[in-house]
Amino acid sequence: MTVESTAARKPRRSSGTKRAAGAAGARKTAAATAQPHDAEPQLVQLLTPEGERVEVADNPDIAEFAPFVADITTDDLRDLYRDMVLTRRFDGEATALQRQGELGLWASLLGQEAAQIGSGRALRDDDYVFPTYREHGVAWCRGVDPTNLLGMFRGVNHGGWDPKINNFHLYTIVIGSQTLHATGYAMGVAKDGADSAVIAYFGDGASSQGDVAEAFTFSAVYNSPVVFFCQNNQWAISEPTERQMRVPLYQRAQGFGFPGVRVDGNDVLACLAVTRWALERARRGEGPTLVEAFTYRMGAHTTSDDPTKYRRDEETAAWEAKDPILRLKAHLLATDGADEAFFEQLEVESETLGKRVREVVRAMPDPDTMAIFENVYADGHALVDEERAQFAAYLASFEGGE
Amino acid sequence: MAVQKLTIAKALNDSLRKALETDPKVLIMGEDVGKLGGVFRITDGLQKDFGEERVIDTPLAESGIVGTAIGLALRGYRPVVEIQFDGFVFPAYDQIVTQLAKMHARSLGKIKMPVVIRIPYAGGIGAVEHHSESPETLFAHVPGLKVVSPSNASDAYWMLQQAILSDDPVIFFEPKRRYWDKGEVDVEAIPDALHGSRVAREGTDITLAAYGPMVKVCLEAAAAAAEEGKSVEVVDLRSMSPIDFDGLQASVERTRRLVVVHEAPVFLGVGSEIAARITERCFYHLEAPVLRVGGFHAPYPPARLEDEYLPGLDRVLDAVDRSLAY
């Protein structure tokens, strides 16, 4: 028996190809499904908050997704756990470094580890990722050195990694823009005849942006191999989801003609299964999918805002009970999937990571002044050349003075 | 035969055809560019010959057109997108300014953005609103973008191919009221540098600087002035970012006077930048302040008023007289 026994049972899916509602019907559906903020959503869940596996026999609606993690061994579960713990540690370290003045800003992923590790571990090396600015866990899965994520927050660069090495695009700050880049990239993948897929991350706030709607349109009409992975963390800075939508987000896909699925974003196994399922659809040439990972941002939007001004403690506490890491730990303990030695060793590893992050950030040099003029253009530009020369001469005028 | 007499529209069409033939990574994208061949028929026949995978009709969504072109460029393609009219580029302005222009710099040079955005621009065709604007300053002001505009068939043919070959994003403004002007195109010539200016007519008393649709007006003004015994030099800037200040300076040092002419509003326009820079560079050569002729600080007017709004022969000649009177 599980506490969320009513909430976890019925995955919601919409498919533009299967259902056709008339205008009146659509109106009725919209009104009927508009959920108050506190209502328990229905979503794909494979691991309950208490760490119990949900079986297909208990919930036939997960039958479509469960096979996608049938191969997951206990070793794999420990690896997923390790990913989440280390990502959280890295994130916590970065938050602390911002408080110490070492970073100008930090966008914490606290609470969203399962959504990011589950989806990130579903990807193949030749898939391509378009993140927003909070996908530290996905970056971890892609093999991007986490310290490279800190450069832009420290103010020494706007990226800090070569996107083509890890197939992990630079963080995009203007929300939703990257969903179009992902769609275009996916159009290119299809043109190339490749069988890789593309995944675009964005948040519930970004879903209000026109670019996201345009990305849905383009990907649908060109049948592009792209997965839209929305982490609905309930808050866009201080704006709750009811300021973004009247209808559950995943249902929006239906209007564009592709499936939308809502998954428990705090369940790493379900996120892995649903993302694999969506990626497989893309690879088979069945076009885009919208995955709504229903999760929660436990921290602030960034270190600049104060969540106590806009949300209730009870809400945060309720989500603490669904913690993605504690959930998997409970499962590992209950199934003898990991022993104390494993957790102790992971703690040591975590300490080592934290220490390295601190050291690397503090040692990060400021860029050379003349870097202002570098890479503005690939083919050069007369004005940039002129201003570079003028500024260099100006700086040189101080040398030997005084 | 290497030299052909073509309209600007046909020269652009031939240029796109050549680019599609030369590089399989070149794609054409935009609204109505396929079967219709574009509302100005610049892409006429290209989809028929190169297929729907190379010449792509898009949804009516400008941000989507540019945003997906960015993604295609990331994948190794060289998209040439058409924005149907000048005033329709603004839904895509965010993608152009916040994404396309900065991708190379923020990736520390790891990413190149060989995207060309073709925009039929400026007035003179009696269109409704949003179909006659000259927003070049808004793009020239953005680091990371290059902005050019041909004024004749030969430049139309060559500059477009050079823009497609560029690894930088290029905003390619096409003077729509000149689409049907004919000129000689030597398809075997060695073209001028994409961002260099060109002396379109030599003269000794004053320099007129213009680009795109206003070059023809300035050449007509120079011809009219010649009948009054004034020798007017006309410089076709061709590029608004970068601007060939060396070339322009050389002309102004010869003539000692400069009038800049464009359709865009004068305030904070390309002419303002030229006036400032040329004043810095040529302070001791100038016999008169640099003057500007252009649009007003007002929305582009209804078509029945555009002849009053657009710089014509008389307004250009008036400025020439004012300069010579110093």
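Analyst: A salt bridge here means a side-chain nitrogen of Lys or Arg within 4 Å of a carboxyl oxygen of Asp or Glu. The model is predicted. Searching the whole structure gives 50 such salt bridges over all chains.

User: What makes Arg276(A) and Asp71(A) a salt bridge?

Analyst: Their closest N and O atoms are 3.0 Å apart. The cut-off is 4 Å, so the pair qualifies.

User: Why does the pair of Arg276(A) and Asp71(A) tie together separate parts of chain A?

Analyst: Arg276(A) sits in helix α10 (residues 268-283) of chain A. Asp71(A) is in the loop between α1 (23-33) and α2 (74-99) of that chain. These parts are therefore 205 residues apart in sequence.

User: Is Asp71(A) buried, partly exposed or exposed?

Analyst: Its relative accessible area is 46%. Buried needs under 20% and exposed over 50%, so Asp71(A) is partly exposed.

User: How do you know that Glu53(B) and Lys191(A) form a salt bridge?

Analyst: The closest N and O atoms are 2.9 Å apart. That is within 4 Å, so the pair counts.

User: What does this pair join, and why?

Analyst: Two chains. Glu53(B) lies in the loop between α2 (46-50) and β3 of chain B, whereas Lys191(A) belongs to helix α7 (residues 177-192) of chain A.

User: Which residues are linked in a network of salt bridges?

Analyst: The network holds Glu386(A), Glu387(A), Asp246(B), Glu273(B), Arg277(B) and Arg281(B).

User: Why are β3 and β12 of chain B called edge strands?

Analyst: The open sheet of seven strands runs β3-β2-β4-β5-β7-β6-β12 (chain B), with mixed pairing. Strands β3 (55-57) and β12 (239-241) each pair on one side only.

User: How do you know that β6 and β7 of chain B pair?

Analyst: Pairing takes at least two bridges, and three join β6 (residues 146-148) to β7 (residues 170-175), so the strands pair. They run parallel. The bridge partner of Lys146(B) in β7(B) is Val170(B).

How values were computed: Residues are numbered from 1 along each chain as its sequence is written. Chains are lettered from A and ligands numbered from 1 in the order in which they are written. This is a predicted model: local features need pLDDT of at least 70, side-chain atom pairs count only at pLDDT 80 or more; totals for chains, interfaces and linings use all residues. Side-chain values use heavy atoms; hydrogens and water are left out. Helices (H or I, at least four residues) and strands (E, at least two) are DSSP runs, numbered from the N terminus. Buried means under 20% relative accessible area, exposed over 50%, partly exposed in between (1.4 Å probe, protein chains only).
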